[in-house]
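Subject: Structure for you to look at

Hello,

Here is the structure, with notes on what turned up in it. Please open it alongside this email.

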Amino acid sequence: MRTIAFLLLVLAALCSASVAHAQQAPAFSIPVWIDKGKCDGTPRFEPTLNGRPATVSEQLAPTSDQIILVVFDLTGDLARIEEAKQAAIAAISKLPPNAWVGVLRAQDGLHVLADPTPDRQKIAEIINSLSSNGTPGLLETLRPALALGDAMVRSSPVRVSVLYITDGSIYSYREDYTDPVINPSDTHDLSRRFRDELINEKISKLKRHIGSLEAPLFVVHLNYRQDDLDVAYQNGLDSLAMTTGGECIICRSLAEIPQAISVIFARMTSVWRLCLAVPPKTRSYLQVGMRASCGSGPLQLSWRSSFHWTRE
């Protein structure tokens with residue numbers, strides 16, 4: 001509780017306009033990227049909600065204030081971990097001055113190691129001091145991490161992203177997701193054919209919980225594994241990121257790690273945040289459409305395409 005309160009105070013200091021920012025009408029925000037097309041001015045976004053025109057009540061450009069919460073979930077190969085740590089430090093050092101970075105750890109619950117700060121040297125020292133732990137914590141800490149990002153988004157005019165840097169295997173979790181055969185002599189035991197059922201159930205449950213949270217999730221997994229259960233887990237991470245409009249990259253080699261982290265940081269910093277007004281009597285599931293134009297023609301976009309709206 002102390003940590004969440006402190007982070008929200010940091011946000012107030014970062015964005016002096018936060019008091020005036022309180023939303024007067026029901027709204028939610030989504031991440032949007034301009035993937036192709038040149039725009040020297042401000043693009044004109046034309047969103048739809050469930051096929052009907054919607055109103056952009058606020059938009060934050062890639063030059064606006066940003067907070068990136070980096071959650072480390074490190075458990076294994078020291079060479080991959082060191083490569084990831086140095087790549088993260090390098091990417092953070094290149095961020096603009098109005099990007100604040102917080103560092104968290106996922107093992108044994110979600111722990112804040114550094115509150116969001118523009119102090120790059122402090123963040124580098126904390127990342128360098130990180131050690132690995134044998135038990136991954138991504139599945140257990142994902143919901144509170146995104147909820148923390150969501151609270152920041154809703155409290156201030158700031159773009160927020162949550163990045164997990166992880167290398168865990170599904171076999172290493174404290175909870176057993178391997179769905180062992182209960183009765184080996186029963187040839188009709190479906191667990192023998194659907195070994196990934198528990199993993200899929202966990203991912204589906206998480207997707208329901210995070211579907212109404214606004215901060216996008218990004219994941220860099222440092223160690224691709226080919227075992228069928230780990231593949232199901234890795235596919236699940238990709239699905240979770242897509243649910244929030246974010247992205248997941250899974251590295252197949254040590255050499256891919258710096259590039260993956262660089263790509264994800266570039267993706268996070270180039271995001272637009274659009275706040276969409278919610279019309280009265282809107283049902284809970286929102287399908288989001290989006291077009292944009294600027295100057296001479298249309299822009300090619302990617303965006304969060306669905307949202308579970310909960311009216312307070």
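**Helix 2 against helix 3**

Lys-85, Gln-86, Ile-89, Ile-92 and Ser-93 of helix 2 touch Arg-120, Ile-123, Ala-124, Ile-127 and Asn-128 of helix 3. Contact means heavy atoms within 4.5 Å. By class, this contact has five nonpolar, three polar and two charged residues. Nonpolar covers Ala, Val, Leu, Ile, Met, Phe, Trp, Tyr, Cys and Pro; charged covers Asp, Glu, Lys and Arg; the others, Gly among them, are polar.

The axes of helix 2 and helix 3 (residues 120–128) come within 10 Å and cross at roughly 170°. That makes the two helices roughly antiparallel (over 145 degrees; under 35 is roughly parallel, 65 to 115 roughly perpendicular, the rest oblique). Axes are lines fitted to C-alpha atoms, for helices over the stretch in contact, with angles from 0 to 180 degrees between N-to-C directions.

**How to read the model**

This is a predicted model: local features need pLDDT of at least 70, side-chain atom pairs count only at pLDDT 80 or more, and totals for chains, interfaces and linings use all residues. Residues are numbered from 1 along each chain as its sequence is written, and side-chain values use heavy atoms, leaving out hydrogens and water.

**The chain**

The chain has seven helices and 15 strands. Both are DSSP runs numbered from the N terminus: helices are H or I, at least four residues; strands are E, at least two. Of the 312 residues, 50% are buried (under 20% relative accessible area; exposed is over 50%, partly exposed in between; 1.4 Å probe, protein chains only).

**Helix 7**

Helix 7 (residues 256–269) has 14 residues. Its first and last C-alpha atoms are 20 Å apart, close to the 20 Å expected at 1.5 Å a residue. That expected span is 1.5 Å times one less than the number of residues.

Which residues of helix 7 are buried? They are Ile-257, Ala-260, Ile-261, Ile-264, Phe-265 and Met-268.

Ile-67 is in strand 5. Ile-67 is buried, at 0% relative accessible area. Its C-alpha lies 8.7 Å from that of Val-162, 95 residues apart along the chain.

Thr-166 is in strand 8. Thr-166 is also buried, at 0% relative accessibility. Beyond its neighbours within four places in sequence, Thr-166 contacts Asp-73, Leu-138, Val-219, Val-220, His-221 and Leu-222.

Best wishes
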